[in-house]
Amino acid sequence: MIFATFKPGTAPVEAVAAAVLGLLICGCGGWTPGAEVGAAGRPPALSPDYRSVTIPPNIAPLNVRVVEAGTAFHVTLEGEGGGALVVASGDGNVRFPVAPWRELLGRNRGKRLTLRVVTRGADGRATAYSPVRIEVAREEIDPVLVYRFIVPHFNVWNDIRICQRDLTGFTVEPVLRGLQFGNGCTNCHAFSAGSPRSMSIGTRGGRLPGLSSASLVLRDGELRRVKSPWGYTAWHPDGRHAAYSLNRVRQFFHGAGQQVPDVLDLDSEIVVCDVETGQVFTSPAIANPDRLETYPGWSPDGRTLYFSSAPILWTDRHRMIPDRYSEVRYDLCRVAVDLKTRRFGKVETVLSAADAGGSVLIGRVSPDGRWLVSCVCDYGCFPIYRPSSDLHLIDLSTGARRKLEEWSSPESDSYHSWSSNGRWCAFSSKRDTGVFTRTYFGYFGPDGRGAKPFVLPQEDPEFYDSCTRTFTVPELLREPIPVGSRAFGRAARSSAGASLSLPATTLGPGSAATEGASGSSRSGLQ
Amino acid sequence: MQQQGDRATTDPAAPRAAVPLAWSVASLAFCSLYLWLAVRPELFYPDVGGVPFFQWGTTFFSDSVAIPGGLAGYAAALVSQTLRSGLLGALAVAANLQLLGSLAGACWRLLTHRPGTWVAPAITVLGMMPFVRYGNFLPAVEALIAASGVALLGARFAPRAVGPRAALYAAAVIGLYQAAGVVSLAFVALCIGLEAGHGSGGPGGAGEADAPRRVDRLRLLPIAAAVAAALAAPLAVGVWWAELTLPEALSCGAPWSPDRPDSGAGWAVALVVAFPAGVALALLGLPGLACRLGAGWTARVRPALARGMLAVAIAATPFFSHNRDARDALCVLESGRRGDWRQVLHLASRMAPAGYPLGVVATVNKALLAEGTLLDDMFGWPQPPGTPPELLFQAGFGERLRASSRGARLAIFLATPSLSLELGLANEAEHEAYEAWGTFGPQVPVLRQLALVNLVKGRPAAASVFLRDLARCPGEQAEARAVLERIARDPGLTGWPYIRRIRSRLRRTEEDPNRQGFRTSMEALVAVDPANVAAADLLVAEALLTRDLDRVAAALPRLGAAGRRRLPRHCHEALLIREAHLGKKPDLGGWEVDAGTASRFRTFTSASTAALNAGGPGAVAELAARDYPDTYYRYYLFTAAGPRR
């Protein structure tokens, strides 16, 4: 192995050197273990825990902190297909330079990386830890992640941000900040089939007078403000129609137990908007006055609408918190939709709450149409607040169902988004702390098996150690959002905008429930 | 005499040069001592915004400087951290004011060509005014320092050619607005002064004062550029670039921001206005006025007399404008923050009861609770009628946010450690911390409370995140690191008595989330731990406050279960009222009672009957206020309480 002195920020030089030498090198002038090295007999503790994870070949460097005692750290990352990165560190923080990292991963698609850690103790003795395996998948992940960056739970908001992150590097750009429109609230970003060409973001006015809740709709480069707030939104693959929920949301707080905030829908229904004509339509199939319908999701062919549905267990829809709120469990349903004729078929239950043993929420079908991943939690419609929430997998070709144990944790695992090739899912998890939601990525094999997921890599290995904000509503995109934050800010501040004529339903115009009905939950979504 | 003084700058004689230095040293010493001993900078700490949130690291810095006025705000937040230590804070504030005074003095000399020996000390001392009103207006001070500093640099280095100078002024105005906010636009006044033909020392260089008038007209271009840039900056930088609303753009970094507490705002505005006004005075040539009054002896004496009077007036101004009510209230809060409950009661007893902010009421009640005398003495202190008990005791679900008075709301929210957690209401403590975060942005007490809540709830990993974030705040690192080490040694924290104690009394049940309220919470707490004497006391106190005598009687067994043997005075008074008014004789078996309480009630009953017959209900109220101010029967009849005599 050849060592070269490495200065931070000289990655291009290293890449050239690597190309010349035929070996990826990232050295440093730091400590190098000698011949006498003791064995720890176990793998090193790493933060984040990247041990035995499977990663896409286009992911940003997995910068990591070695959580072992030592005065010097020597880390080697070797590829089965060739190449190696060597990093020495004085404090255990290991940062891999981007260009050699990419080169290493490029050489090792479908192969294994081996991470070796040697530490030097205070007594000067070197200790080698058992190697850590990292699998590199063949298939790439969609390169852009859009997420919401907020405090763990809130009733009063402050500086809410929707950001987009380049997953191949560390660049983060704001899509929209609440501070751009009077410290307003922004939520419910949704895209059409992993593309930002048709997308929407919900907003709620902040301190700006006269600014009501609205949706910002971007379609083919044209950004419009729609005065009707959209709830949980699913864009049809045609990029022209969007199904969204109207929810009468109630947020409340528990005086006992681990989880403080809770959310329920006193009433909800789903409507479909043709954004080209501005017409909104629905059907009793998805707007049954006796049921709560929410979390719409289209099948990849656009012919079927999946959604969660639960019977309304209370007669007083204006009571602060209904008596039987903790008995509400949603079934996962689907209905055939013909958008040309606007006809809906018969509602079919894909997975009942009784069979699932809990509330089935956020059904999302894989791009190949075969698999469906949903959340299952003990009750209600807000899995992020339910530690019992886990991701479950349904094989739509056979109806077989199982809990995705590979991705599960004792804490809440929820909101998920498929990569366009169907091999990756981004999802929310509180597994590390029980409080802070982080975005995890899980590999999903053609056989329907998942691999151990990994947390969104950060440039600073200690980033998550002190990050008191959460990453929620992760959505994978094939390309960045083409419109800048400034344009979204202008649209959010504008009081102009198109009005949609909602159909006359329980939550439609003229209904007693319209007041307070909101497409957007006031609370933090997944 | 005036002329001699005015020429001092051109005379390099050492004795004369020492005069400004002496004035500066004197004003710095005066400010430091007054701030340290009278204002007490540590009293800024319990007030929200008194010591702005600050963290080391690039994230906080980049977030701060991204908004107009952010750099000055960042510098002010950094300097403000010294306020926690009284002496250091006093020195830091005084040094900043001294720097501002010195720069202002230099501007004065540049504009007027007179020494203006009094300018620097006057600005330094008068700059204390917002601080003696307990408003932290360091951002405005930093902005003015930036404005005058840039003006002096401009005077020294600006190009002579009019066009480039105009461009430079415009760029400086835009840059200052972004860095230091709207206050820094005072720079424009200085530009006008520099360009208004006041001198050969101006940016035009020597000899220009003697140039023909057309040269002066040419100077209108830089002035126009500076004024235009000042008018455009809030729109271009604030509204367009930073995407602020126009009111936000016109108030960023300014003391008149709607987010500021009221205290001292007027003084700060005066300070900001006084600065350009001083420049205007200089332009008018006021110092030369005395010289033009004539040759009489009065004309010779008057300037010296005026200067002497001015010096006395300036020195006396902070004393007379000192907001002592705010100081007393903050002293109470500060003692409460440190858990020095006896001092809280001592200091509060010296305050005028009418001036009790809600935060002081809550802190006094917490002190009484901690001292175990709440049910004996609480009506000897102001208890604003109609105020929800969770506000009076600073405990319970986030209702305090909806308190009407913003100042009280702010003070009560973050001033003293949460009673909720101490009682065992971890969820309420967590909720109120997040509400504070959402309302005021990140705050040190919020991070500390969230760390503690998560430790109590057995989530050490989450607590560690808050602690590491807290460790980036100046002054918090040692404590945060100590707790992190403790977690590393004992993740369950079973060996930490405080955590063990809170865990033993944690509320565990929730019958109905619709019934979230103070009483429900206290009932749940005493159900978990009957020995939770604070919860039992608060349960009875709530019944007393709502004048529900039957509940007071029904709650007495709770007090017994909590270990009380002696019947608290207010409970005894409530039972006496109940017996007298409702004919319900209490069962006092097993309670130690004070015979004096019953005897005093009998005296009141007969005296009030006589007063009622003689003067009606008003006379009874007067009697109660005069002779029985600290009794429950006064509160029961008139919802008035205190002061204790």
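Across the interface of chain A and chain B there are 2 salt bridges, a salt bridge being a side-chain nitrogen of Lys or Arg within 4 Å of a carboxyl oxygen of Asp or Glu. A:Arg493 pairs in this way with B:Glu243, with the closest N and O atoms 3.1 Å apart. Over all chains, a search of the whole structure gives 58 salt bridges.

The model is predicted, so local features need pLDDT of at least 70 and side-chain atom pairs count only at pLDDT 80 or more, while totals for chains, interfaces and linings use all residues. Residues are numbered from 1 along each chain as its sequence is written, chains are lettered from A and ligands numbered from 1 in the order in which they are written, and side-chain values use heavy atoms, with hydrogens and water left out.

**The interface**

Chain A brings 41 residues to the contact and chain B brings 40 residues, where contact means heavy atoms within 4.5 Å. The area buried between chain A and chain B is about 3300 Å², and carbon and sulfur atoms give 49% of that area. Buried area is the accessible area (1.4 Å probe) that two parts lose on being put together, summed over both. Of the area that chain A buries against chain B, 17% comes from A:Gly255, A:Gln258 and A:Arg486, more than from any other three residues.

**Loops of chain A**

Helices (H or I, at least four residues) and strands (E, at least two) are DSSP runs, numbered from the N terminus. A:Asp49 forms a salt bridge with A:Lys452, the closest N and O atoms lying 3.3 Å apart. This pair links distant parts of the chain, 403 residues apart: A:Asp49 is in the loop between β2 (46-47) and β3 (54-55) of chain A, and A:Lys452 is in the loop between β33 (438-443) and β34 (454-455) of chain A. The loop between β2 and β3 of chain A also holds A:Pro48, which a cis peptide bond joins to A:Ser47, with omega about -5°.

A:Ala193 lies in the loop between β14 (185-192) and β15 (195-204) of chain A. Phi of A:Ala193 is near 50°, a positive value in a residue other than glycine.

**Helix pairs of chain B**

| Helices of chain B | Angle | Axes |
|---|---|---|
| α17 (residues 341-349) and α18 (residues 358-371) | about 135° | 9 Å apart |
| α28 (residues 518-528) and α29 (residues 533-545) | about 145° | 9 Å apart |
| α4 (residues 70-80) and α9 (residues 162-180) | roughly 40° | within 4 Å |

Angles under 35 degrees count as roughly parallel, over 145 as roughly antiparallel, 65 to 115 as roughly perpendicular and the rest as oblique. α17(B) and α18(B) are therefore oblique to each other, and their crossing is left-handed. A crossing is left-handed if the near helix is turned anticlockwise from the far one by less than a right angle, and right-handed if clockwise. Residues of this contact include B:Trp341 and B:Leu345 of α17(B) and B:Val364 and B:Leu368 of α18(B).

α28(B) also passes α29(B) in a left-handed crossing. Among the residues that meet there are B:Phe518 and B:Met522 in α28(B) and B:Leu538 and B:Leu539 in α29(B).

α4(B) and α9(B) are therefore oblique to each other. Their contact is made by B:Gly70, B:Leu71 and B:Ala72 of α4(B) with B:Gln178, B:Ala179 and B:Ala180 of α9(B).

Definitions and conventions
Axes are lines fitted to C-alpha atoms, for helices over the stretch in contact, and angles run from 0 to 180 degrees between N-to-C directions.
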